[in-house]
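Trainee: Got the model open on my side. Can we walk through a few spots together?

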Amino acid sequence: MTKNISLLGSTGSIGTQSLDVCRMHGYTVKCLTASSRVDTMENQIREFRPELVCMMNESAAKDLKQRISDTSTKVVSGMEGLIECATYDGADTVLNSVVGMVGLQPTLEAIRAKKTIALANKETLVAGGHLVTNLAKEMNVPILPVDSEHSAIFQSLQGSPRKEAVKKIILTASGGPFFGKKREELENVTAADALKHPNWDMGAKITIDSATMMNKGLEFIEAKWLFDMPNEDIEIVIHRESVLHSAIVYQDNSVIAQLGVPDMRIPIQYALTYPERLESPVAPLSLADYGKLTFFEPDYETFRCINVCKEAIELGGLHPAAANGANEESVRLFLDGKTKFNDIAYLNYEAMKNAPEKKDFTLQDVLDTDAAARNYVLETVK
């Protein structure tokens with residue numbers, strides 16, 4: 001069981017909940033990273049006393065250095081600093097909870113440094129694909145999923161006698177704040193409307209992704225890489241209560257699922273304690289209190305972002321990287337009020353289709369494709 005952790009993205013929703021788990025079990029936090037939240041980072045440094053921290057924003061790093069000059073914590077910045085934290089000698093596990101493509105390079109470097117990877121950054125596998133999985137196999141490094149759905153699948157697979165026994169994966173989705181709405185009803189929804197998630201407390205970007213259901217499309221791609229399943233054997237089901245987090249179907253049609261209250265600290269903790277199970281800060285699940293659990297087919301006509309991701313992984317190569325890059329840019333523009341909600345799926349699809357055809361790609365190819373997709377979105381919105 002791990003004791004020394006490098007936490008990438010410590011000031012975000014997953015990061016702060018990860019620190020709840022570290023606090024409860026007395027894990028040593030060796031490194032912390034954030035983008036620009038200096039106040040939150042200072043508080044975390046004074047509590048957890050990490051040896052190394054990184055602020056992606058250079059001015060934030062300078063501010064933080066002055067604030068914590070009375071401590072022994074070293075402050076670094078930028079991608080170089082993020083990679084330094086991901087490969088830090090004193091840490092044995094890297095929990096990557098940064099948001100977006102920025103998480104890919106530090107994950108690859110952490111794998112090369114033979115760190116155990118607890119992965120909450122889905123873009124790493126969506127954009128990196130075989131670059132990540134092949135390197136992990138080569139270095140014999142485990143990738144332990146932190147997303148609630150993938151953790152549920154991972155937990156459900158613990159009882160599998162062999163991989164061939166698994167017939168199908170059932171990937172559940174809450175349906176977000178616009179479940180039941182039709183496309184025309186979403187034409188003029190605002191960012192404030194889209195940020196009202198019914199079950200989960202998450203950051204702005206992932207909450208918008210849940211509203212468009214792009215999040216589920218990205219998780220579809222991630223599941224394919226994590227569990228090496230054919231696309232046609234991954235099924236998406238809407239589950240409004242977010243209690244059944246995902247399931248697997250065995251060849252005999254027995255279904256094994258993982259259930260729990262919607263609280264990210266369960267999958268975070270399991271990734272850190274695997275294969276052990278410890279006391280948790282999460283409330284126990286009472287099925288009687290819920291009374292009923294409901295399930296529905298996704299509305300693929302309204303929530304077209306799922307289709308974008310399904311087609312991207314079917315095409316393979318750099319298409320998922322393009323879809324992901326376009327989505328990051330289109331969500332940013334939507335949050336800034338510069339494009340409409342329904343435009344997100346259109347922008348993501350067009351950028352995805354424009355990706356270069358290249359199956360055997362490099363990290364630089366991924367970065368170039370990501371930049372081109374973002375630029376496409378910006379130019380189209382202009």
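Trainee: Where does Ser-330 sit, in which helix?

Mentor: This is a predicted model, so to speak of local features we need pLDDT of at least 70, and side-chain atom pairs count only at pLDDT 80 or more, while totals for chains, interfaces and linings use all residues. Numbering starts from 1 along each chain as its sequence is written, and side-chain values use heavy atoms, with hydrogens and water left out. Helices here are DSSP runs of H or I, at least four residues, numbered from the N terminus. On that basis, residues 319–335 form the helix that holds Ser-330, and that's H15.

Trainee: Is Ser-330 buried or exposed?

Mentor: Buried means under 20% relative accessible area, exposed over 50%, and partly exposed in between, using a 1.4 Å probe and protein chains only. Ser-330 has a relative accessible area of 0%, so it's buried.

Trainee: Which side chain does the side chain of Ser-330 make a polar contact with?

Mentor: A polar contact is a pair of N or O atoms within 3.5 Å; within protein, one must be able to donate a hydrogen and the other to accept it, and residues adjacent in sequence count only if both atoms are side-chain atoms. The pair for Ser-330 comes in at 3.0 Å, and the partner is Asn-348.

Trainee: Which residues does Val-377 contact, leaving aside neighbours within four places in sequence?

Mentor: Val-377 belongs to helix H17, residues 363–381, and is buried at a relative accessible area of 0%. Contact means heavy atoms within 4.5 Å. With those sequence neighbours set aside, the list is Ala-326, Glu-329, Ser-330, Leu-333 and Leu-347.

Trainee: How many residues are in the largest nonpolar core?

Mentor: A nonpolar core is a set of buried Ala, Val, Leu, Ile, Met, Phe, Trp, Tyr and Cys residues joined through side-chain atoms within 4.5 Å. Residues with the most contacts inside the largest one include Met-41, Val-146 and Phe-341, and its count is 73.

Trainee: And how many residues does the other core have?

Mentor: That core lies apart from the largest one, with Ala-86, Val-94, Leu-104 and Leu-131 among its members. Its count is 30.

Note on methods
Helix = DSSP H or I, 4+ residues; strand = E, 2+ residues; numbered from the N terminus.
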